[in-house]
Every structure is written in structure tokens, then in C-alpha cells.
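Dear colleague,

I am passing on the structure below, and I would be glad if you could look through it alongside the notes that come after it.

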Amino acid sequence: MLLALRGATVRFGERAVLDAVDLEIAEHEIVCVLGPSGSGKSTLLRAVAGLQPLDSGRVVLDGRDQAGVPAHKRGVGLMFQDHQLFPQRDVGANVAFGLRMHGESKRQQADRVKELLDLVGLPGAGRRAVAALSGGEQQRVALARALAPSPRLLMLDEPLGQLDRSLRERLVVELRELFGRLGTTVLAVTHDQGEAFALADRVVVMRDGRIAQSGSPLQVWQRPADAFVARFLGFENVVEATVGAQAADTPWGKVPVPEGAPQGTRTLLVRPAGVHLVPADSGLRCTVAARTFRGTHVAVHLQPEDAPRLEAACALRAAPEVGDEVGVDFDAAEIVVLN
Amino acid sequence: MPVAFFAVFFAYPVAAIVARGLKADGTWHLGRIGEVLAQSDVRHVLWFTTWQAFVSTALTLIVALPGAYVFARFHFPGKQVLRAVVTVPFVLPTVVVGTAFLALVGRGGLLDELWGVRLDTTVWAILLAHVFFNYAVVVRTVGGLWAQLDPRQEEAARMLGASPLRAWRQVTLPALAPAVAAAALMVFLFTFTSFGVVQILGGPTFSTLEVEIYRQTSEIFDLSTAAVLTLIQFVAVGAILALHAWTVRRRETALRLVDASVTARRPRGAGQRALLGGVLVTVAVLLVLPLAVLVQRSLGAPGFGYYRALTSEDGGFFLVPPIEAIGNSLSYAVAATIIAVVIGSLAAVALTRRDAGRFVRGFDALLMLPLGVSAVTVGFGFLISLDEPPLDLRSSWILVPLAQALVGVPFVVRTMLPVLRAVDVRLREAASVLGASPWRVWREVDLPIVRRALLIAAGFAFAVSLGEFGATVFIARPDRPTLPVAVARLLGRPGDLNYGQAMALSTILMMVCAVALLVLERLRTDRTGEF
């Protein structure tokens, strides 16, 4: 294991921002920590970097306990949320900073700066002023600066947070390709699930300083560990239910469940694709409360009588109008029994 | 180390004053305070000091607030130059200001020649000189903040149905009020402790506490009355400073600030043009004219006669040609600048440490004290405390730079502190993660950002020490006068030649200070500082 956290705990006053976190990252792995703001994900990075002392637990890098090792001797890279480029230095000097700190020769520095600026798609930008860069360019320079000293672990704090959507979607693909080619070990944190799923080999969902779930993007998406993770991923059809052999009792009535689902009082997730619209005289009777255009489909918000709202995914043409009366039928294949 | 510096060179002299004033034959006589206060001339001085400070402050605000608005919100050609011009008076030595106004409104002055108007024995000369002096304080403190207030705040109020005046009153004025209060208190403080201006323009009739302390010490030799007066002033200044610290803290409440360069625009319409014109005329008449007259008077004798007279031995009164004062001033100023920058930087760094405790934060206010406690107090304190064992520095040249540094340190701290505080902690962390040791982090991240502020601070300390009069006049040795001391001595003697030489020497001093300031203006990027 390249990085291992063992019971890492950080308290700010009474509150545990990191609460006995165990996490392991193998070499060449790209791990993305996903969580709402205040879940402790940035503190996790700072603890690994040595910028935030642990109250208890250990950070182990390459088998060596990092207790007492100051930040500048840990050999990890950290790309800050708002980049934190040095304003009084030009692009080249920013990228060369870490190399200089490690005592590399001027020649080596110049070669490496050129190599990295080519790598991040800013060839020849070495003499430009940092203040004159666009947000996307700053992000690239920050990445080049973090990569320059070849850290054994690269950490990214909301790497694409401040960029606009189209740029973000393009850069996340570029980043993944780049890390794959370089074989970089990466620990990134983000609150954006799309970013996490696109970037990571493994996603770690955090809640209140604890790890709520860890797994491949597909695993996490298909089988959220609990109601919190499901809601955080954007699923709204989450209810308490009594699960029997073939069907579950829910506020929406009897809902079929997949074969072999665990039984008893459980949390049930119904994906929007599993909510089929049928004529109003069959199935659960609902009123269309709102509809949101989502590009490939329309999300239809349905209000049943005496039950929580349901979200359904509809083909563009088949979507009903607001105020229409419709019936609802459930598809067992799109229903997940959690925990 | 800064603490030790202040203990020895500030706290100890002040304690000595207290002892001198209230202790006789080894016992304390607190009744002395009452006795001194009961004297009618002392009460007169107190009353005059207070009311002239009030009126000066009010006048300065009335004259300078439109200026603050114009500088904050309008673009016009020559704005940068004009901003520097406006600031020149603030760094000018009080002696120069006094002399300039003497040339304008005094006997044989410009107004006297044109219309036979003389103001030099009236209080108006003092008030005008105070406005001249403090115009920049208001323009910089209030205007600096005003320029950074987001105009969209006012626009938001307009969209919610407020008239332009109402929007200004409801949105901008509350945001500005603490800055106006802080500036007003600063002006009040400076005018309350005014020395050089009153000394030169006040004549025998008008006397502030500072002037009275000086008179009691050097003319009447009543040290214990002087000590009591110093204590009274000390208490008053302490109260003003506490009030100032409080308003400044209130000013720090979160305001939406934007880059000053985006809020200004060209004046539109007759009203705004008239306002701009009015401010320009005010600046020309009030700030530029006195200095121009000073220069013109100094050239009054044919062939630079007054300037050439400066280089000659003029028999007895000076032990050296007055021109040597330039060299003295410069060498003292260099020494004082070094001391002030070293002490001030150490103090500023100590104050920005994140683990700074209550004690250190209290020290922040303490550092401001010498600024307001008045130069005369410092000089008087040095005179009575550092002339005998354990510390006998009376015959050492270092005494003058030490006193001047004491006055300069608050400027250094005030300039460095905001910059040091503004260095983003995460910038340091970024350097640290890239492999920089703590010392390296300071050198690579903090120093490049602070370097400019350090130069500005040094410039301020230099200008302050060049023009320092109140403390220096007590302790400068007769054979080594500084420029301001030499000017004051020349003015104290009758005859046109002496008068002309004073004008010439003042002009030289003004030039040196103006050059120092123009260099500073070029270095300065942000205009939000206190001064």
C-alpha cells in the first residue's frame, strides 16, 4: 500500500472532523473522496499532506509512519482548491518552485518545466504572468507545479471546482488520461459526483468525518450503501419499506423487489427509470407536479395522494404535461434494497 | 526585542516624567495635578488646545470629504499626480508648513502685499495650516475605502426603489461612517498635539499643550509643571487612541470590497464637473499656493542670495553654517530609518503570528502610543531620563535617531501589518508541500510580497525622521542642528536675511520630503493603508 490511514482522527473543539478514518490507496490507483461540504474531505487531504496534525491515528506512506514528519519532507503533492499560484512569479518559476526546493540544477529545472508545460497543454507559457491566465490555464499551471517534483502521491482538492461546466467536463477526461499515462497515484476530493465518477478508479463517499461507502464508481452508483449515499447521489425515491419475498410495503403501495433481496424493515431505492407511467385508471394514481428537461430525458415529479413525491424518467416525447393525471407502475429491475 | 526597545526608550522616560512631576523629596504629591490645573493660564491653554482641535477637525472634514469623493469615484487626467500632490503636505515637516503659511499670510506675506491682510497673529492661520496638513489623512483614509466600495451595492438599493441620495445615505454612508470617524479622530489627535505649526504661527497669544510644555521646559525651566502637563496630555491622547482603535475595529466588519480601478468613471453632467472643479481649486489654493509662495519667497534675494547665505558662518548663533544641517538631517534620518524598520518589522511579524496571544495584541495598541503621545513628550522624556546613569546617552549622537525612530515605528508597523496579514496561509502551505522548509517559506513567499511594503515603510520612517521637530528640538546638540531645528532657530531671529534663509532651508527640506514621497507613490500599489 502506498498510503494507509489508520484510525485518523482530527477534532476541531468538540467536533470530530475526521472520525477514525481507515483508508488505503495502492500504487497507481486514482481514488476520489466524494462528500458534501463539511464532511471532512479537505481535512483528510491536509492530514495526509502534514498541514493538519492528527489528534489520534496514523498516516503511513510507503510503510513509514509520518508522525513528526513536516509537510515539506513528506514528498506528496497537493493541488489547492483555488490553485494558490505564487502571484509574484511567472508561470515557469511557479512550476520550477518544487524543483528548486529539492535542489535540482538550473538545467534540469528548465527541461522539466518545458516537459510539464507541454504535458498540460501550455507549451511556451513559461514567461507569462500568473495574473494574466484564465481559470483553466491557472488550473493547468497548478497541476504542472504539483507534478513537477514527481510526488509519490498527488492530491487534488476540488481540482475543477471553480471552472465552468464545459471546461470541467473536458478537463476531467484529460486528467484521467494523463494520470493513466504517467501512472500517478492520485487522491482527489470533490463534491461533484460527475467529476468523481469520471476521474476515479475507486470512489470513497464521506459523511460527517466518516467513510460511508467505498467502491468502484459502478458499484457505488448501482448499490448505494445507505439512504444518505443514495440521496447524495441525487436519488429522490428513497423510502422506508417492509420487504417481503417478492414485494415490499411502501407508502406508494406494493412495490416489486428483485429476487434474493434482504427482507425485513429496509430502505428502498426506486430509480427514476423504474417508475413507468401508465394510463391513469391503472397503477398508483398521481398528479404531475413539475417536469425538468434533462437533455436525454425528462424528469417528471409526481405527487401521489397521501405519499411522498416520486421522480420518474420519461422519454422526451412521452412526457406528460404539468397537471395531468397519470398512473404509476414499478419495475423490479430498477429497485434496490439498501443496507 | 521590540518590547525591550519600548520599555527602555518609551516607558522609562514616561515614568521619569511622572516621577518628576509628582514626586518631591521622595514622597508622592498627587495634589500637584490640582494645583497646576487651578492656574488660569493652564486652563486657558487646555481650552484653546481642545477647541482649536475640534474646529480644525470639522474644517478639515468639510473641505476634504468632497475631495475624498472625487478621488474615489472620478477619473480625470492627472489624477495620479494630483494624488501625490495632495499627500505631500502630510509628510512635510510641521516647520515647513508653518513657514509656508507665514510666507502666505504673515507680515510681508503675499496677502499682506496684495490686500494688506495679515492672519499670522490670528487663530485662522493655525486652522488653515491644520487643514492643509490633514487634508491627505481624510482623502486617503476615507477615499481609499470609498473607492473600494462596490457601486453595485448602491445600484441594488436603487433597484429596490431608493432615490440616489437615499441610496447613498442608506448604503454608502453607513459603510463609510467608521472610516470617517477614524479619520476625524486621527486629525483631532494630530491637531490636539500640534507643535511646530502653533509654535511658528501662534505667536505669544496662542499656545497648545505641546507648545506650553516646551515653553515651561526650555524658557521657564519649571520641569514639574511641564511634567504635569505632559501627563494630562498623555491621558487625553490615550483616550483618543482607544476610541480610534475601537472605530478601526468596527471598520473591519465585512464589507464587499472591489478593485478600486473599476469603480471610478469620468464625471458626467454640470454638477459633477463643478464638484471636480471645486476640489481642484481647493487643492490649488489651499495646498499648492502656500508651497509655491514659500519657494518664491526663498528666491527673494537676487542670485539665490538666501541659499548662498546658508553656507556662510553667520557669527555666533549657529556654531556651524546652516547648510550643514542638511547633512546632519540625512545621517540622522538614515540611522533612525534603520532602527525603525528593524524594530517595526519585528513587531509586525510578532503581531501576525497566528498564536499571538492577548499580550501581543495589546502591544499593537501600545505601538501606536508614541505616535499620539507627541514628540515633545518623547523629547522631554529623553531629556530628563537618559542623561544620567544607568543610561547616559546625552552626549551620544544616537539619542536623536532613537527618538525619531520611536516616532517612526508606528508608521512602519501600520504599513507592514496589513500586508503581512494578507498573505494567504495556503500560499505558505503550497510552498511547504512543494518541499520548502519554514525558513525557506518565509524567504520565498512572504519576503517577495512584503518587500515593497518594507520599502514604503522605510520611506515613511525616513520622511518622518527628516521632518521630526518636537522631540529633536529638545535633544539635538547645538552644534548639530537638523533642518527643522535650524529653520526654527532662523525664524526666531529678526532680520530679512534670517527670514529668507529660513524660507530657503524650508524649501530644501520640502524638496527632499517631496522626492521621498514621489518615490513612495511609485512603489505603492494598494491605496487602502492608514496613511
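Predicted model: local features only at pLDDT ≥ 70, side-chain atom pairs only at ≥ 80, totals over all residues.

Rolling a probe the size of a water molecule over the atoms shows where empty space is left. Six cavities of 30 Å³ or more were counted here, and the second largest cavity holds about 60 Å³ of space. Its lining draws on chain A through A:Leu78, A:Met79, A:Phe80, A:His83, A:Ala142, A:Arg145 and A:Ala146, and on chain B through B:Ala430, B:Val433 and B:Leu434. Two or more lining residues come from each of β6 (76-79) and α4 (135-147) of chain A and α19 (425-433) of chain B, with α4(A) giving the most, at three residues. Sorted by class, the residues that line the second largest cavity are eight nonpolar, one polar and one charged.

Turning to the strands, β1 (residues 3-12) of chain A pairs with two others that I looked at. With β2 (residues 15-25) of chain A, β1(A) runs antiparallel and is joined by seven bridges, among them the one in which A:Leu3 is partnered by A:Ile25. The hairpin of β1(A) and β2(A) has two residues between the strands, and A:Gly13 takes a positive phi near 65 degrees there. With β4 (residues 56-61) of chain A, β1(A) also pairs in the antiparallel sense, over five bridges, and in this pairing A:Thr9 has A:Ser56 as its bridge partner.

With best wishes

Conventions. Residues numbered from 1 in each chain as written. Chains lettered and ligands numbered in written order. Heavy atoms only, no water. 1 Å grid on protein atoms, 1.4 Å probe; cavity = no way out; pocket = protein on both sides within 12 Å on 5 of 7 lines; lining within 4 Å. Points joined across faces, edges and corners; volume = space filled by probe spheres on them. Helix = DSSP H or I, 4+ residues; strand = E, 2+ residues; numbered from the N terminus. Nonpolar A, V, L, I, M, F, W, Y, C, P; charged D, E, K, R; others polar. Pairing = 2+ DSSP bridges.
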